[in-house]
Amino acid sequence: MIHVMRIVMQPARRSEKDVDQHYQDTIIKPVVFDDHADILDASTIDELKQLFPGGEAQMWGVVPGKKNVNVSRINKMRPGSWVFFTGDKRAYFGGTIALMWRNKELATRLWGTDHAGSTWEYMYALSGTRGFDIAIEEIRTLLGWNPNRNIMGISVLSEEESETLETLLTLDASTAALEPVDTAEEEAAVAAFDGDLERTVQRAQRGEQAALKRRLLQGSTGQCALCGRSLPGSFLIAAHIKKRAMCSDDEKRDLANIAMLACTLGCDAVYEHGYVAVTPEGSVQVSRLAAEIPEVEAYIQEKLAGRIVSWWTPTREPYYLWHRTHTFKSAPPL
């Protein structure tokens, strides 16, 4: 069976003094493995060092809960799962679980115990972490939840809910935590699938894209909004500044502001996957995570770093702001 990347909602209200201290101690300041070699078993240290050659990683943990209520949920988590940290009505931080293990002694050393004497012994290390600023209300709407539903304890979203958030928010799993692919299993699943292998593109959407490109491309050639290169129209697309699936009908019809020309030679991809953004001043902002993929970093440094995007205007800023808070791979909040 092929698994969808499951998404975990991890409540962690930083307005609570203890939670914020834990966040400062093991997220802002990653844990150095060798500092705890006396209580980390050799196999765990070996796995951690393979995943994190720098010898340190951001860590978090989960308490078993009263009558082990959290254990069944923890068992649904696995390396490759995406974690959203939530609190004070916002999702503010996230990353991919690279490794999971249980160590009560280490958890107590790092975080102490709660009022009930429990500690966060079901531990995990995170890779590819980034900051967010997404209202929980927006997540409720995306997933069709009850307007009054809150994230009270750790929870693992259904595959359908996970796929929705993964797609709409462009959640790329960190390469340090990807599960091995069973090729034979994937091929068997494709062979057994009896639905349509191709999805029909909606005529209205095709018309919308054509209208956007005609508006943006005033001739046979045009200029990429990000890198500034003049290219034939066949190498340029009408790229939505704010992800189209997240736009309201009015925003989709805001043809003058919702999209920009982006080249298919690299700019559309690095923007779509959040490795670059456009600041409120109109300059290109580069994600620190670009350095994890040398080819991506090289492209950005050569074509985009330091550029001013003339496409930016005050009327387009709300769309660029959405991209910065939802898609851009920003640094974790301090």
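Tutor: Ala 239 lies in strand S10, residues 236–240. Strands (E, at least two residues) and helices (H or I, at least four) are DSSP runs numbered from the N terminus. This is a predicted model, in which local features need pLDDT of at least 70 and side-chain atom pairs count only at pLDDT 80 or more, while totals for chains, interfaces and linings use all residues. Residues are numbered from 1 along each chain as its sequence is written, and side-chain values use heavy atoms, with hydrogens and water left out.

Student: Why is Ala 239 called buried?

Tutor: Its relative accessible area is 5%, and buried means under 20% (exposed is over 50%, partly exposed in between; 1.4 Å probe, protein chains only). Ala 239 is therefore buried.

Student: What is Ala 239 in contact with, leaving aside its neighbours within four places in sequence?

Tutor: Ala 239 is in contact with Ile 258, Ala 259, Met 260, Ala 262 and Asp 268, where contact means heavy atoms within 4.5 Å.

Student: What makes S10 and S11 a pair?

Tutor: Pairing requires at least two DSSP bridges between the strands. S10 and S11 (residues 259–263) have five, in the antiparallel sense. Among the partners, His 240 is bridged to Ala 259 in S11.

Student: Why is H5 called oblique to H6?

Tutor: The axes of H5 (residues 136–143) and H6 (residues 159–168) come within 10 Å and cross at roughly 120°. Under 35 degrees is roughly parallel, over 145 roughly antiparallel, 65 to 115 roughly perpendicular, and the rest oblique. H5 is therefore oblique to H6.

Conventions. Axes are lines fitted to C-alpha atoms, for helices over the stretch in contact, and angles run from 0 to 180 degrees between N-to-C directions.
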